[in-house]
Amino acid sequence: MWANVRSVLDIAIVSFIIYRILVLLAGTRAIQLMKGVFFLILLSAAATFLRFRLLSWFLGNALLALSFAIPIVFQPELRKMLEELGKGKLSLLKRQMSTDEAQMRVKQITGALSYLKAHKIGALLVFQQEVGLGDYSQTAIHLNAKITQELLISIFWKDNPLHDGAVILDKYNLIAGGCYLPLADAPEISRWYGTRHRAALGISEVSDALVFIVSEERGDVSIAVKGRLSKNIKDFQIERLLMHYFVGEQVITGWRGRLHELANIFWVSKKDQEAGGGLVK
């Protein structure tokens, strides 16, 4: 009996460690390599099963060469993963943010957004979720600073060297500023979108990030999630969505769950939709 329980526990621990490693690598170049290596392993297993000796020899040597090349080519990603491990981020239990702590952060962010909106200062805030954004923050200016209203405003102030880029945040820190994001270039996107909106859509298409955009021309706030954009978001909607983000509830819960959640958070009347306040693809 104990042997069975021990085996199940052993498998569960290893599975969890692998899962957390994949989460840390998600959104970086390393995850693409992992997909390629996994494909080669499957192909090698199939070649061995079918007794394709030459193909098996070739794939075996290719995997052996990759085992030496991976630590060299992806040294930054592996170093980051080990740093996260040292910080305890592979632990089974994640620290749950208290409601008071979440409200404090929401107050700082909404205060900054209100100021930026009132003064028509363009801004782009990217909130990282499960998919890592290391590829974009590593090439930017590392801050790892406490999230405050004053810091957010100062970053996007017109004379600040970082104001043209995006800031990447997680639940606890402002990770980096001056980040450059991939632009959405789908032909069906309206000319209404500027560079900030296209960058917000671009990063939301390749990750599960939650992105806020302050328009420099109109002085309103939009949000991009999973390749969808909602314009002219109200203050109470921003507060609700940020509380969902900080208290640990998943904003994105599948196709139907996502639409239901967005419908609840971004509900607008028919008159508002006709005025351009609804969801836009």
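Which residues in H5 meet which residues in H7? The legends below start with that pair of helices and then move on to other close-ups.

**Figure 1. The whole chain at a glance.** This is a predicted model, in which local features need pLDDT of at least 70, side-chain atom pairs count only at pLDDT 80 or more, and totals for chains, interfaces and linings use all residues. Residues are numbered from 1 along each chain as its sequence is written, and side-chain values use heavy atoms, with hydrogens and water left out. The protein chain has 11 helices and 8 strands; helices (H or I, at least four residues) and strands (E, at least two) are DSSP runs, numbered from the N terminus. Of its 281 residues, 40% count as buried. Here, buried means under 20% relative accessible area, exposed means over 50%, and partly exposed lies in between (1.4 Å probe, protein chains only). Contact means heavy atoms within 4.5 Å. Among contacts between residues at least 6 apart in sequence, 64% join residues at least 24 apart.

**Figure 2. Helix H5 against helix H7.** Two packed helices are described by the angle between their axes and the distance between the axes. The axes of H5 (residues 99-118) and H7 (residues 149-156) come within 8 Å and cross at roughly 35 degrees. Axes are lines fitted to C-alpha atoms, for helices over the stretch in contact, and angles run from 0 to 180 degrees between N-to-C directions. The crossing of H5 and H7 is right-handed; a crossing has that hand if the near helix is turned clockwise from the far one by less than a right angle, and is left-handed if anticlockwise. To settle the opening question, Gln108, Ile109, Gly111, Ala112, Tyr115 and Leu116 of H5 meet Gln149, Glu150, Leu152, Ile153 and Phe156 of H7. The residues of this contact divide into 7 nonpolar, 3 polar and 1 charged. For that sorting, Ala, Val, Leu, Ile, Met, Phe, Trp, Tyr, Cys and Pro count as nonpolar, Asp, Glu, Lys and Arg as charged, and the others, Gly among them, as polar.

**Figure 3. Aromatic rings around Tyr245.** A search of the whole structure finds 5 aromatic pairs. Rings of Phe, Tyr and Trp (its six-membered ring) pair if their centres lie within 6.5 Å; planes under 30 degrees apart count as stacked, over 60 as edge-to-face and the rest as tilted. Have a look at Phe127 and Tyr245, an edge-to-face pair at 5.3 Å centre to centre with 70 degrees between the planes. This pair links distant parts of the chain, with Phe127 in strand S1 (residues 123-127) and Tyr245 in helix H9 (residues 235-246), 118 residues apart. Phe127 counts as buried because its relative accessibility is 0%, and Tyr245 is buried too, with a relative accessible area of 1%. Ring pairs link Phe127, Phe212, Tyr245 and Phe246 into a cluster. Lys171 lies over the face of Tyr245, at 5.9 Å from the ring centre; a charge sits over a ring if NZ of Lys or CZ of Arg is within 6 Å of the ring centre and within 35 degrees of the ring normal.

Figure 4. Ser137 is in helix H6 (residues 134-137) and counts as buried at 8% relative accessibility. Leaving aside neighbours within four places in sequence, Ser137 is in contact with His142, Ile168, Ile175, Ala176 and Cys179. With residues up to four places away not counted, Ala140 touches Ala176, Gly177, Gly178 and Cys179. Its C-alpha atom is separated by 5.5 Å from that of Gly178, 38 residues apart along the chain. Leu143 sits in strand S2 (residues 141-145) and is partly exposed, with a relative accessible area of 31%. Beyond its neighbours within four places in sequence, Leu143 is in contact with Ile155, Leu174, Ile175, Ala176 and Gly177. The C-alpha atoms of Leu143 and Gly177 are separated by 6.9 Å.

**Figure 5. Two residues with positive phi.** Lys120 is not a glycine, yet has a positive phi of about 50 degrees. Lys120 is found in the loop between H5 and S1 and is partly exposed, with a relative accessible area of 41%. Asn144, also not a glycine, has a positive phi of about 45 degrees. Asn144 belongs to strand S2 and is exposed at 53%.

**Figure 6. Gly227 in a loop between strands.** Gly227 is found between strand S6 (221-225) and strand S7 (228-230). Gly227 is buried, with a relative accessible area of 4%. The C-alpha atoms of Gly227 and Glu205, 22 residues apart along the chain, are separated by 4.6 Å.
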